[in-house]
Amino acid sequence: MSLHAQDDPQLRAAQEERLRATWKPPQGLFLRWTDTNNNRVGVWYTLTAFGFMLFAGVLALIMRTQLAVPDNDLVSANGFNQLFTLHGSMMMFLFAVPMFEAVSIILLPQLLGARDLPFPRLSAFGYWSFLIGGVFVSGSIFFNAAPDGGWFMYPPFTTRTDLSGLGADIWMLGLSFIEVSSVAAAVELIVGVLKCRPPGMRLNLMPLYAWYILVVAVMILFAFPPLIAGDILFELERLLGWSFFDPAKGGDPILWQHLFWIFGHPEVYIVFLPSIALFAMIVPTFARRHLLGYPWIVLAAVGTAFLSFGLWVHHMFTTGLPKISLAFFSAASEAVAIPTGIQIFAFIATLWAGRVVWSVPLLYAVGSIAIFVIGGLTGVMVAIAPFDWQAHDTYFVVAHLHYVLIGGTLIPLFGGLYYYWPLITGKKLSDRIGRTAFWFLFAGANLTFFPMHFSGLMGMPRRVFTYPSELGVDGFNLASTIGAYVFAAGVLLVCIDLALSPRRAKAERNPWAAGTLEWLAHPDDEDWGIRSVPLIESRYPIWDQKDFVRKVDEGRFFLPDAEEGRRETIVTTVLDARPLQVLRLGGPSWKPMATAVALGSVFILTTYHLYWWSLVGAVATLAMVLWWLWSGTAEIPEKDEKPIGHGMTLPLYLSGPSASGWWAMFITMMADATAFSGLVFGYFFFWTRHEDFPPSGVGMDGPGAFWPMVALGVSLASWAATVAAREVHARGGVSAARALLAAGALLSLAAVGAGLAGPWTTGLEPKLHVYPAIVWTLAIWTSAHSGVGAICQLYALARSLAGRTTPRHDADVRNITVYHHFLAITAIVTYLTIGLFPGLA
């Protein structure tokens, strides 16, 4: 049906009524809690991350009070260790990354003109995982059980149970659980940006916010998994006594530093680039012109992300690295200033060329850039190895880090809060309170952290709970403490402004007169999104496309109706955003919450060494995941196609590389492969550290070549059976495909046994030395993935037998084939490494 038929007011009213009924918010408290609408999930996500930030801020105030004067005894040494460990961990893991993901879950659908992101239930799962893990980790301080080894948790002090208590396990397992939620959100955001853009929004027309979020989400896929790999090695040493970081048994604590900082330094840019994304939305709005240098900004964002993965060793300049390594990583650390500078100068040029309207959001943006630039300049200083040798582990580094994070993350988020609050609630925050809060924040940040440069250069070390007056830093520390309270007063003013917001009148639509899609939202809108999915011809369509808002409101674009009463959005091609599919989205469900609870029980029970109960939780998690997938994905629609307007008709079902589900599987497996590469890196790292690898002795004999080659052979046979099942099934050979899936499952189970048989039959003892420990780890990882592969094959077989998979509707078979592609690569790398590499060494 052509959308021109909507000139009929009665037809338009009837269509709008059906759409309103479709998107009616769920009734009842429990249903609202379990609603998977990304707008609602994003709001809860944001409020929770904001709450964790406030809690971490209170911990910081306690630390600054302790350090206000010399020889203070407000808190004990152990209490101070818990405070700074939990403060840093919460700010990095429970605020900075979750906050940007939460805000993006709210903004991206509206920025992209979509009704929702493609996997709203995955977003809900990520939120519940984040909430459970966050409460578990942050609540530990009330029981004197918080981690106390620093937010970086360096071995051997944290891996030795006689030197660290339960807090190390709480940190490691709790934050590993939170990392799962971060990866889940990254999958949702990447697929959302690539596949749910409105028709016509080619890559070069995407809002810069979407570009930045795409870059950052891809960074998460490659930054977080190495830390997950390190977490695995860490907990295997703590819980089972397998030695990866104990030099007495061949381990090396430097490996942990590599794996941690491969995550830790990109993490700085993961939390910084979303703030730059907010600048990219705020600056053109108040400059009243298009942002200058769009392609250069995109290239700079990508370049920043790329270079950020070559900087991690500048945190390790004092560990005795070769000089050539110091030179390389020092140069890379300085080079990252180039793309960062391009982005900042683009914003300055846009303001210079525009007609600037000074507003509260722009005030925060400009002020935060000023603070960030100071942090960037000191970052160039610590990138120079000789200077870093002097300043390492002093308060100079504390000052640098906080200038970067406050200027590059925290204050920009407050600016974004003032900018987007009318979009989320329909009400503006107070300009007067906002300006006052800004000056408190700006003055407090500088008064707190600028003196730390001097106290650090005078020799005050980091992470000390007190200091003698003879050090001569009393005045600097007192000034920093006063500044911390000034900064806290600014945060309090923002909180008061938020609390007063519900009493204020509704703001007008698009109160800032912005030009991007998210401002199509109306203060009186229902919870169902924009009236129709628009056709995009410009980066600022509200400014550039004639009668754009009116046409959207009148349903003159795409998908204006919801005649089947389902939540729907449009899936488009990756490069040029040509419409491909009408995607039906999941509605309210308690399954994501229940799955998060089950998975959380695995991590929490393992923390307390309740392994059998943890196994029960793992089985429950598997059952919930299978139920969730069975009832909520790859649904066969009641009809093949649906008209979306303007004479266009789109299918309701897609599979393969065009489908969002296929992309989600591919992206998830990229993260999995990155974690696996961290373990392989560990194997070759130990090989470079030992002249005799593997060592000689009882319990040290390698797994040999026989069993690893058998495991590799059956793994590849299982992969071949899965690929053949996909091809035969697509050609209508349903029975043959079922037989191949069954055979593939048997082969995958055989790969499990063969993969473990090598180290088992040769008597490798992982508690004796790092070599058998890392071999067992690689074998278990690959065998576990083979077991999951068997479950995937049996799941696809069951779906076929139940009539939920057909040659036309074959998403399940195609998606598990993607998994088996990665499993085959994992098997090749693992079994060639542990079976043949020592013999070639």
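Where is the place of S243? In this predicted model, in which local features need pLDDT of at least 70, side-chain atom pairs count only at pLDDT 80 or more, and totals for chains, interfaces and linings use all residues, S243 is placed in the loop between α7 (208-240) and α8 (253-287). Residues are numbered from 1 along each chain as its sequence is written, and side-chain values use heavy atoms, with hydrogens and water left out. Helices here are DSSP runs (H or I, at least four residues) numbered from the N terminus. S243 is buried at 3% relative accessibility, where buried means under 20% relative accessible area, exposed over 50%, and partly exposed in between (1.4 Å probe, protein chains only). When residues up to four places away in sequence are not counted, S243 touches E237, K249, P766, K767, H769, V770 and A773, contact being defined by heavy atoms within 4.5 Å.

Two further buried residues were examined in helices. S129 is found in helix α5 and has a relative accessibility of 0%, so that it counts as buried; with residues up to four places away in sequence set aside, S129 touches F177, S181 and A596. A725 is located in helix α22 (residues 706-730) and likewise counts as buried, at 0% relative accessibility. Leaving aside neighbours within four places in sequence, A725 is in contact with A737, L740, L741 and V813, while its C-alpha atom is separated by 13 Å from that of A811, which lies 86 residues apart from A725 along the chain.

Aromatic side chains were considered next. A pair of aromatic rings is described by the distance of the centres and the angle of the planes. Rings of Phe, Tyr and Trp (its six-membered ring) pair if their centres lie within 6.5 Å, and planes under 30 degrees apart count as stacked, over 60 as edge-to-face and the rest as tilted. The structure holds 58 aromatic pairs. One of them is the edge-to-face pair of Y45 and Y127, with 5.5 Å from centre to centre and 65 degrees between the planes. This pair links distant parts of the chain, with Y45 in helix α3 (residues 38-66) and Y127 in helix α5 (residues 120-138), 82 residues apart. Y45 is buried, with a relative accessible area of 0%, and Y127 also counts as buried, at 7% relative accessibility. F80 and F84 form a tilted pair, at 6.0 Å centre to centre and with 55 degrees between the planes. Both residues lie in helix α4 (residues 77-111), where they are 4 residues apart, about one turn of the helix. F80 is buried at a relative accessible area of 2%, and F84 is buried at 15%. Ring pairs also link F93, W151, W171, F224, F234, F244, F245, W256, F260, W261 and F263 into a cluster.

The charged end of K591 sits over the ring of W627, 4.6 Å from its centre, and R799 lies over the face of W630, at 5.4 Å from the ring centre.

The packing of helix α12 (residues 360-382) with helix α15 (residues 431-457) was described by axes that come within 10 Å and cross at roughly 10 degrees. Such axes are lines fitted to C-alpha atoms, for helices over the stretch in contact, and angles run from 0 to 180 degrees between N-to-C directions. The crossing makes α12 roughly parallel to α15, given that angles under 35 degrees count as roughly parallel, over 145 as roughly antiparallel, 65 to 115 as roughly perpendicular and the rest as oblique. Among the residues that meet are V360, L363 and Y364 in α12, and F438, W439 and L441 in α15. By class, this contact has 12 nonpolar, 5 polar and 2 charged residues, with Ala, Val, Leu, Ile, Met, Phe, Trp, Tyr, Cys and Pro counted as nonpolar, Asp, Glu, Lys and Arg as charged, and the others, Gly among them, as polar.

Backbone geometry was also examined in loops. The peptide bond from P155 to P156 is cis, with omega near 5 degrees, and P156 is found in the loop between α5 and α6 (166-195). D393, a residue other than glycine, has a positive phi near 60 degrees; D393 lies in the loop between α13 (385-391) and α14 (395-425) and is partly exposed, with a relative accessible area of 31%.

Definitions and conventions:
Helix = DSSP H or I, 4+ residues; strand = E, 2+ residues; numbered from the N terminus. Lys NZ or Arg CZ within 6 Å of the ring centre and 35° of its normal.
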